[in-house]
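Colleague: Before we go through this model together, could you show me how to read its strands and its charged side chains?

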Amino acid sequence: MKKIWIYLLLSITVIMLESCEKDIMPYEGKEGVYFGVRWGDLHRAESSWPYQSYSNVDFVSIGKDVVDMAIKVDISGPVKSYDRTFYVEVNNDSTTATLGKHYEAFKREWVVPAGATSAVMVVRLMRTPDLEETPQTLGLRLLVSPDFELSFPAWDAIPSLDGGASVKKFDASLHTLRINDVMIRPAVWSGSIQAGNRESGLFGVFSRRKMEFFQDYLGLKYEDFANTQIMPMARQMLISNDGTAALVRLFNAGTPVLEDDGRLMWMGTVPWTSYIGVPWVPAR
C-alpha cells in the first residue's frame with residue numbers, strides 16, 4: 001500500500017512540474033529602453049515610488065551653481081553578457097532651456113553595461129539669474145539604436161506603485177527636466193503680515209533677500225526650513241534673536257540691509273517698523 005502512495009505522489013509531482021514548465025513563458029516583448037525615473041518620500045521604500053515623466057531641478061534646494069543631473073534608463077528584455085548602446089537627444093518640443101547657458105551639450109550614445117538592467121545618463125545643468133524668475137525645461141528623447149527599440153511609448157501607471165503623486169499615462173521614451181531657481185516660502189516660517197501690511201512674527205515676511213541674509217550671516221540653508229524636525233520652535237527663536245542682533249549691528253554701522261522694495265529688513269525685535277512697499281528714508 002505504501003508503494004502505491006509513493007507512486008501516486010511521484011506521479012502528481014511530475015504532472016505539477018510539467019504544468020509549471022508550460023506556464024513559464026519566455027519573454028516575448030521588445031528588447032528596448034525607457035526612462036525609469038522615480039522620486040518620492042525618502043522614508044518610503046523605493047519599490048512603492050511611481051514612475052515619473054519629469055524631474056524637478058530646484059537650484060535653491062540643491063545649493064550649487066552647477067549640477068550633474070543623473071537620469072536612470074531601464075531596459076526591457078533579457079540581460080546580455082556584453083555592453084549595449086542606446087541613444088538620447090534633446091526633445092525640442094518640450095525644451096525652453098538654452099544650450100550653453102542652462103545646460104551643456106551631452107553625448108548622444110550611452111552604454112548599458114554587460115549584465116546590467118539599467119544605465120545612468122548625466123546632464124550638466126547651470127544656475128543662471130533668469131531662473132529666479134523664469135523656470136526652464138529640458139526635454140530628453142530616447143532613440144532607437146542597433147541594440148534597443150523603445151519599450152513603452154504608451155506607459156500606464158502601475159497601480160501598486162502608489163508612494164506619491166503619479167502620472168497616469170505618458171510616453172516613457174520621453175523625460176523632461178523642470179529647471180528653476182525660484183525661492184518660495186519654505187514649509188517652516190514664523191512670520192506674517194498684519195493689518196496695514198505691517199510685518200510681524202519671528203521672521204517677518206518671507207523674501208529671497210531675507211533667506212540670503214540668513215545664509216550669509218547665520219550660515220543657514222534653505223533646506224534647514226524644510227520641516228519642524230530640523231527647525232523646531234526653539235531654534236526659530238534663536239535664529240530670530242541672532243538675526244535681529246545682526247540687522248541692528250549693520251544698521252548702526254551705516255550699512256543697513258534693505259529688501260527689494262527699499263524697506264529696512266525686519267524680524268523679531270528690531271527697533272523699527274516695516275510696512276510692505278514702503279521704502280526706508282534715512283534721517284537727515
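Modeller: Strand E4 (residues 84-90) and strand E7 (residues 136-143) pair in the antiparallel sense over 4 bridges, where pairing requires at least two DSSP bridges between strands, and strands (E, at least two residues) and helices (H or I, at least four) are DSSP runs numbered from the N terminus. The model is predicted, so local features need pLDDT of at least 70 and side-chain atom pairs count only at pLDDT 80 or more, while totals for chains, interfaces and linings use all residues. Residues are numbered from 1 along each chain as its sequence is written, and side-chain values use heavy atoms, without hydrogens and water.

Colleague: In what order do the strands of the open sheet lie?

Modeller: The open sheet has 5 strands in the order E2-E11-E7-E4-E5, with mixed pairing. Strands E2 (54-58) and E5 (109-112) stand at the edges, each with a single partner strand, so one side of each has no neighbour in the sheet.

Colleague: Which side chain meets Lys 210 in a salt bridge, and is Lys 210 buried or exposed?

Modeller: Side chains of opposite charge can pair when their charged atoms come close. Here Lys 210 meets Glu 199 at 3.2 Å, N to O, a salt bridge being a side-chain nitrogen of Lys or Arg within 4 Å of a carboxyl oxygen of Asp or Glu. Lys 210 lies in helix H3 (residues 208-218) and Glu 199 in strand E13 (residues 198-200), so the pair ties together parts 11 residues apart in sequence. Both Lys 210 and Glu 199 are buried (under 20% relative accessible area; exposed is over 50%, partly exposed in between, with a 1.4 Å probe and protein chains only).
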